Each structure stands twice: as structure tokens, then as C-alpha cells.
Amino acid sequence: MRKQLRNWVRLIGFFGSILGLILIIDQTAFAQALLKDTAAKDVETPTAKYENLTPLDTHKYDALEAAAVYAMKRNIEDARRLFKASPGAVPASTGEAHDGFNGEHQDYRFTWRRDSAFIALALVDVYKQAVDPNLKSWCRQFLFDYAEFNLKLLAQAPNDEPKFYLNGKMFKKIWGRPQSDGPALTAMAMAEFADILINEGHVTAARRLFDQLITGDLDSIAGDRHRPPSFNRPSFDIWEEQLGFHFATLVLQDNALVMGVHVARRLKLSVPTNWLNTIQAIDRWLPEFIDPSAGKIVATQSASGQRYNNGREGFDSVVYIAPLYIRSDIRATLGFQQFSFTASSPWMMATVEKFRQKFMSGEEEDLGEGKKGGFKYYLPINQKNSRFLVGRYPKDKYFGGNVWPIPTFDLGRDVYAMAIDAHRKGFFDVENENLNALRRFTGQATALKPGSKIAANSAEFQSIARNMLAEGDSLIDGMIAQAGGFDPRKPLDQQLYLNEQYDKHNGAPAALPNLTWNYAELYQAIQSRKRLVEILQSSESPNRASLAQASCASILTAGANASRATSARP
């Protein structure tokens, strides 16, 4: 079967070349594809284009989006050029670093199923939106290579094996195993790709992806006659630190199975009963992560099934990150119950609000032996400037616990998603749980009443949505500014090398350089921003062509004056 997939991939590539979809190897050609639409669509001068922007303008974010796409491709190509990575392999980073706090050397020149799948999910969306045939061809070829690479990994390791060398060999040294998020995320990415292939009329290609890769990952979650299910077995969390049952992992597994059901039905195949049963089991389980006394969703249950804090006070950014990937539209189409923890749900809003407050605060320093030192902020940098940034969770010890772009970008994305999700439902629910969060966006101390709703067609909803747009923008802009800034008029190769972390005291780059996952989450956050802008524009002027439509190929728009791009790194 794997040999058939390899032959099939080569055949697809052959016919793709006949159709004029040429695989881009040269970085300059790729950058030109990203920049191509600018000259054709924009009549403003390069300088005027980025001056006096209103909140609903997206030129700056279109350019940032293009840079994020370029950075993902740059890292993938650099791994092949510098480290002899196999086609389809995604490096976690192109570098290494020494953790002076824990005395450990960290090398990210490996590939993780989880990280790679987040990048694949972003590139599936790039492929879906791309207008330029060269850009579309590169994404298409990568996604087929990614599928074949995953088959190579699974030929030698179980589905929940997390880490591999870039040439596809299994990493056999001591590590946190198993990690059950990787199969879910990979199945999600490939199901999204298969869905697009079906739309394009490539049903045979989608069927082979489904049979040879998607089904295996989903069966590992729900179980089959060869193995027990993994969803109800303890695994390590997304950060590879805690063994237990994790809210985020279960959310991703749930969504992966829903997407699998969707693709199966589109292919007119019978849906395995164990998939349907597992979706129902997870949906029943997730509310158990709510801690009413703490007023939030707790990230992890212990192996014995008890909610616990384990040094993080129950907080973790992945609690709000994972639900951002839920396909509520697919769930509705398939007749599944509405997912209970979307971004605008009262418990999710409450959890995000408490998470936000946590990173504005701190605690007394623990000196050991019951002794306490002075008060210390979790992220002192938030007290020193007007930016608000976050880390993975409070009391993080990895590299000393710093600002992370991933949770900061995704907090911005989550705030956008609050308004988008409420608009989809037609209202904000006002409950005791999310009262404080909504008050912060309305500025009203007493007007909101638990048990009421804020209708999407109301002026109050529009005001809240605009405030959410502004807060999401401040998170993305603040993180980019902390990372050295971004000028949309400069060539892509001169900027956007984002570290894994930034020092919590002075904001200097910290930990691993050039983390590929950063760019995927930045890209996804900008997609959410575009959807919110479209909603706001349509509400203020129904006859006005939406900016999201006007820039539907914004990944091809990186700003005028960007004359060249190479793969050189500073």
C-alpha cells in the first residue's frame, strides 16, 4: 500500500507539471509568487499604502501573513538544504540552544508529528486560498510529500510516537511517550486536504489519503481490532511535560474524528462505529475539566482522573488554543451536537480572562524551606511597557519561563474568535462565568445581566466585536514589536525570524531560534482577523465589498518595494 502511495504521489506530480504547476525550489521565485499580486491590485504609492491605516485596513496584516508563509517554506527548504531532511519533513527549528536554568542542551533540528501537523494545517489553508499557480503547486507538492513522510514514520513506530530525525528515522532515546495529539493533528491536516481534493474532483487521491493515512491515525484514537483506543489512556501533554488526560488533546482527538467522519461520508464510505462512539465519549468527558470553584477549565486530569494543578495552578494556554481548530460548521452539517467549548462559550471566555489576569500578576518568591522572598511578576516585562504578552502557563520553568509567541498569537486569535463564534451563533451568552470578560469589552459595570443575550445585530455587539478586534491586534502587534518589528516594505528575507521565547525581563530573544510553529500560528491568527474584519464591514455597510474578499489572496501580498528574497539567514 505504501508503495502504491509513493507511485501515486509521483504520478500526481507528473500531471501537475504538465498542467503548468511547477514546484518552486528557489526561494526568490517563491517570494515573487507571494509579492505578485501587489503591483496588479494596489494603486497607492508604497508609502501611502501603510500610512493612516484604519482598524479595518489589512494591508499590514496581509504583508505579515505573506511573511509567515514565506518563513514556513524557508524553514522546510533550509532543513532539506542544510540537514538533508526528507521531503515532507518539517523542522521544529533550524537551531539549538542551552537552557541555563535547567542545565540542558536543547536541539530542535528534529521533526515532531505535532509541530509538523500544525504547519501542515496552515499550509492546507494556504493551498486552498492561493491564486498564483507556483505557490499553489509548492503547497500541493509539500502536502503529498508530508503524507508520504508520515507513512515512512508509521512504518517503524506507533502512531503516538512523537519525535523523529529529519531523515525519517525514529528517535529511540528517552522521551515523553506516548503523545496522542500527533495522530489527531495529522489526521486533521490530511482530512482538510482530502476535503479540498474532493472539491477539486480528485476523489481517487482523497480516497487513498483516507485509506492509507487518515484511517490509521483515527483508529489509533478510537481503537480497532488490533489495538485499544488511545483517547482514554494517559499521554504526555502538548508541551511534553505532564502525563495524564489533557483537555486540549481530547479536543483535538474529537475534532479529528469529526473530520474523519466528514471525509468518509463525502467519499460515500461507511463510518466506523468506534469513531462515532468515541466522539460521544469525549463530548461527555470534556465538561469534567470544568472547575466551578476556580471558575475555569483545568488543563489536565491526573492518570486517576482527578483535576489537578501540578505547579501550573490548572492553567495552560493550550486550553484555548486547541478549540480554535474545531470545525463547528462541519459538526453542524453532520448533525453532531454543538461543541461546548468554542471561543465565545461562557466557560472558555472565563478561562481566557483568568489566564490573561494571571500574566498581569505574580506571586511571592519561594526561597525553599517554607521561606518567602519578595513579590515577583510572572512576566515582569508586562509591567515595563504598554504591550501585553503571555507565556505557556504560570510558573513555567523551561528556560526560566518567558514570553512565547505561540500562546500570544493564539490569544489574539482567540479574542477574534470570540466575536466570530458569537456572530455565527447569533449572540453572546451573558452568564456569571463570562460576565467579567464581557464587561471588559463593553466598559459597563452593571448593565449586563446573567441569563441574557447580546444579539449579533445590535449596536452593543458591534462595539464589543470592534473592541475584540483592537485587543487581538494589540497582542499580535505587541509580539511582533517585541520580536524586532516588521516593515511590510522590506524584503521578506530581512525579517520575521521568531525565537521560541523572549526574555521575561528585557524582551531579548531567548531559547531556540526560528521556531517553525510560530509562523503557523501567526498565519492562523491573521486568518481569524480577516474573518472578523469581514463581519464588521458587512455590518457597517452591507453593500460594500468585504476587505476579506478583496484580499482573498493576501498571502500573495507582501507590500511593494520588496525586491528580492533569498534563503540566507542572519
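Reply:

**Rings and their neighbours**

Let's start with a charge and a ring: K296 puts its charged end over the ring of F315, 4.6 Å from the ring centre. Bear in mind that this is a predicted model. R440 does something along those lines too, lying over the face of F441 at 4.6 Å from the centre of that ring.

Now for rings meeting rings. There are 28 aromatic pairs in the structure. Take F110 and Y165 as one of them: the ring centres are 5.1 Å apart and the planes meet at 45°. Stacked needs under 30 degrees and edge-to-face needs over 60, so at 45° this pair counts as tilted.

Where do the two partners come from? F110 belongs to the loop between β2 (104-107) and β3 (111-112), while Y165 belongs to the loop between β4 (163-164) and α6 (181-199). As for cover, F110 is buried, at a relative accessible area of 10%, whereas Y165 comes out as partly exposed with 31% relative accessibility.

Then there's a cluster to pick out on your display. F118, W239, Y325, Y398, F399, W404 and W517 form one aromatic cluster.

Stepping back to the chain as a whole, you have 18 helices and 15 strands. Of the 570 residues in the protein chain, 61% are buried. If you take the contacts between residues at least 6 apart in sequence, 71% of them join residues at least 24 apart.

Searching the whole structure turns up eight cavities of 30 Å³ or more. The second largest cavity holds about 70 Å³ of space. Its lining is made of 13 residues, and D237, H246, A248, D316 and V318 are the ones nearest the centre. Two helices, α8 (247-266) and α10 (318-321), each give at least two residues to the lining of this second largest cavity. The biggest share comes from α8, with three residues.

How values were computed:
Residues numbered from 1 in each chain as written. Predicted model: local features only at pLDDT ≥ 70, side-chain atom pairs only at ≥ 80, totals over all residues. Heavy atoms only, no water. Phe/Tyr/Trp six-rings, centres within 6.5 Å; stacked < 30°, edge-to-face > 60°. Helix = DSSP H or I, 4+ residues; strand = E, 2+ residues; numbered from the N terminus. Buried < 20%, exposed > 50% of the residue type's maximum accessible area, 1.4 Å probe, protein only. Lys NZ or Arg CZ within 6 Å of the ring centre and 35° of its normal. Contact = heavy atoms within 4.5 Å. 1 Å grid on protein atoms, 1.4 Å probe; cavity = no way out; pocket = protein on both sides within 12 Å on 5 of 7 lines; lining within 4 Å. Points joined across faces, edges and corners; volume = space filled by probe spheres on them.
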